[in-house]
Amino acid sequence: MLNQKIINKNFLQKINLIDILQILILSLIPALIIGPLIAEIILSISIIIFLICILKDNFYKKIIIFDKFFYFFCFFYGYFLLNSFFSFTPSIITFKIFFFFRFIFLLIIIHFLISKDKNFLVNLSKIALFTFIIIFFDALLQKMFTYNILGQKYLNPFRISSFFGDELVMGGYISRLCPIVLFGAFLFKNPNLKKLSAFTYILSIYFVLISGERAALVSLIISLMYFLIFLNIPFTFKVSVAAIIIVFSSFFLTFDNKIKTRIINHYSEQTTHSSSEKNLFFKFVPIQLIEINKSSSKMFAENKFFGLGPYSFRYYCDNKLQEKVCRGGHPHNSYLQLLAETGLIGVFYFLIPFAFLIFTQFKAKLNIKNSLTIDKILNYNLFTISSCLVFMFLWPINQHGNIFNNWLNISYYISFSIYIYFLRKKI
């Protein structure tokens, strides 16, 4: 019995919990394809292991607790929790919001792993790269033969979904995470892998096009423009990349009828109200979104400072307006949702990071002009990629998912944690 205890103790000592933690966090990238459940299980196990690490090895000195960024996210977590408690929504909503602390843990864990192991970001980029390659191959099979590797048939001939099935979020997944792939173009030592990373990022635009997700296409275009403006790479290379993307996209929008129908024709049909619309901006907004946003305005007017509570949009629509168009559960824009559900206070959850990100990016851009050091230029480019990860979902003029959606928050906080790491390096 005593020998068995000694063996168990020795076995536990040999287990490197940090390595296990890193594997779990890296697996979140492919896990998001399966759905939120597996990703949530992985995140929960990661939090438990992380807490064990803190207690075991006093790693708490190396994490970002008692940091201004930590305070920022904790403040809004507390605000959303308190807001949900006093709202008219069911008590289950408060229960959901209570467990949002796990995303703050995700932020801390990823920042800790990047700080402890310089190869973490390299490994994350490799995982993202090979995950994308598998998705691209599978999506091509589904487009050509209607079935993918798993035998899943596309449900909509104009929208390829690959492993995502009836969720139809392949484009959103690609657009949100493709900058992680681009890290490899700067971090990989193998020159072929560097080229493959850059090529995969550029190729992403085709797979977003066949996904039929217009919001994802806007996000990807935003990221491309962001990189063309801010990355410190030769101007001629930027022009070449831009020209290739324009020609490449124009070709498929012209000659692929399914892409053309979904991206252009369907959009045109949804904006047929434009002839009678006086507001120039709304001439380009689908009628469904205008009706949804009118509902958001009514909610905001009822309580401008605090909103009606997280998740309240769906209940407000069902109980008061009885409009079928607003039963999607959220206004499809994060800023409108924050205003309607959490008021003027809640909207600063996105406004402050958005303004701060723009300021720090321009500041870093000005500083790098005075530096010719290779290491500083590399750090600047890595910082720019990390800031673009966050900028894409903070950009206000686009359609967004539910701000309180678990699947989206995992991708949000992965992006936030990488950005905060490079920000703290004081570029």
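Contact here means heavy atoms within 4.5 Å. With that settled, some notes on the model.

1. **Ground rules.** This is a predicted model, where local features need pLDDT of at least 70 and side-chain atom pairs count only at pLDDT 80 or more, while totals for chains, interfaces and linings use all residues. Residues are numbered from 1 along each chain as its sequence is written, and side-chain values use heavy atoms, with hydrogens and water left out.

2. **Tyrosine 349.** Setting aside neighbours within four places in sequence, tyrosine 349 is in contact with Phe72, Phe73, Phe76, Phe80, Leu338, Ile403, Asn409 and Tyr413. Tyr349 also turns up, with Tyr173 and Ile418, among the residues that have the most contacts inside the largest nonpolar core, a set of 123 residues. For the record, a nonpolar core is a set of buried Ala, Val, Leu, Ile, Met, Phe, Trp, Tyr and Cys residues joined through side-chain atoms within 4.5 Å. Helix H19 (residues 406-423) gives the most to this core, with 13 residues. Apart from it lies another core, of 6 residues, including Met299, Leu308, Tyr316 and Ala340.

3. **Overall make-up.** The secondary structure comes to 19 helices and 0 strands. Helices (H or I, at least four residues) and strands (E, at least two) are DSSP runs, numbered from the N terminus. Of the 427 residues, 51% count as buried; buried means under 20% relative accessible area, exposed over 50%, and partly exposed in between, using a 1.4 Å probe and protein chains only. Among contacts with a separation of 6 or more, 72% come from residues 24 or more positions apart.

4. **Isoleucine 180.** Isoleucine 180 has a relative accessible area of 0%, so it is buried.

5. **H9 against H11.** The axes of H9 and H11 come within 9 Å and cross at roughly 170°, which means that H9 is roughly antiparallel to H11. Axes are lines fitted to C-alpha atoms, for helices over the stretch in contact, and angles run from 0 to 180 degrees between N-to-C directions. Angles under 35 degrees count as roughly parallel, over 145 as roughly antiparallel, 65 to 115 as roughly perpendicular and the rest as oblique. The contact includes Ile174, Cys178 and Leu182 on the H9 side and Tyr201, Phe207 and Val208 on the H11 side.

6. **H11 against H12.** Helix H11 (residues 191-211) also pairs with helix H12 (residues 214-230): their axes come within 9 Å and cross at roughly 160°. H11 and H12 are therefore roughly antiparallel to each other, and their crossing is left-handed. A crossing is left-handed if the near helix is turned anticlockwise from the far one by less than a right angle, and right-handed if clockwise. Tyr201, Ser204, Ile205, Val208 and Leu209 of H11 meet Ala216, Leu217, Leu220, Ser223, Leu224 and Phe227 of H12.

7. **H2 against H7.** Here the axes of helix H2 (residues 17-26) and helix H7 (residues 101-116) come within 11 Å and cross at roughly 120°, so the two are oblique to each other. This crossing is left-handed. Ile18, Leu21, Gln22 and Ile25 in H2 meet Leu106, Ile109, Ile110, Phe112, Leu113 and Lys116 in H7.

8. **Cysteines.** How many disulfides does a search of the whole structure find? It finds 0, taking a disulfide as a pair of cysteine sulfur atoms within 2.5 Å. For cysteine 388, the closest cysteine sulfur is in cysteine 178, and at 7.6 Å it is too far for a bond. Cysteine 388 is buried at 0% relative accessibility, and cysteine 53 is buried too, at 1%.

9. **Two positive phi values.** If you check the backbone, have a look at serine 162 and histidine 332. Serine 162 is not a glycine, yet its phi is near 55°; it is found in the loop between helix H8 (119-145) and H9. Histidine 332, likewise not a glycine, has a positive phi of about 65° and lies in the loop between helix H16 (312-321) and helix H17 (334-368). Serine 162 is buried at 0% relative accessibility, whereas histidine 332 is partly exposed at 23%.
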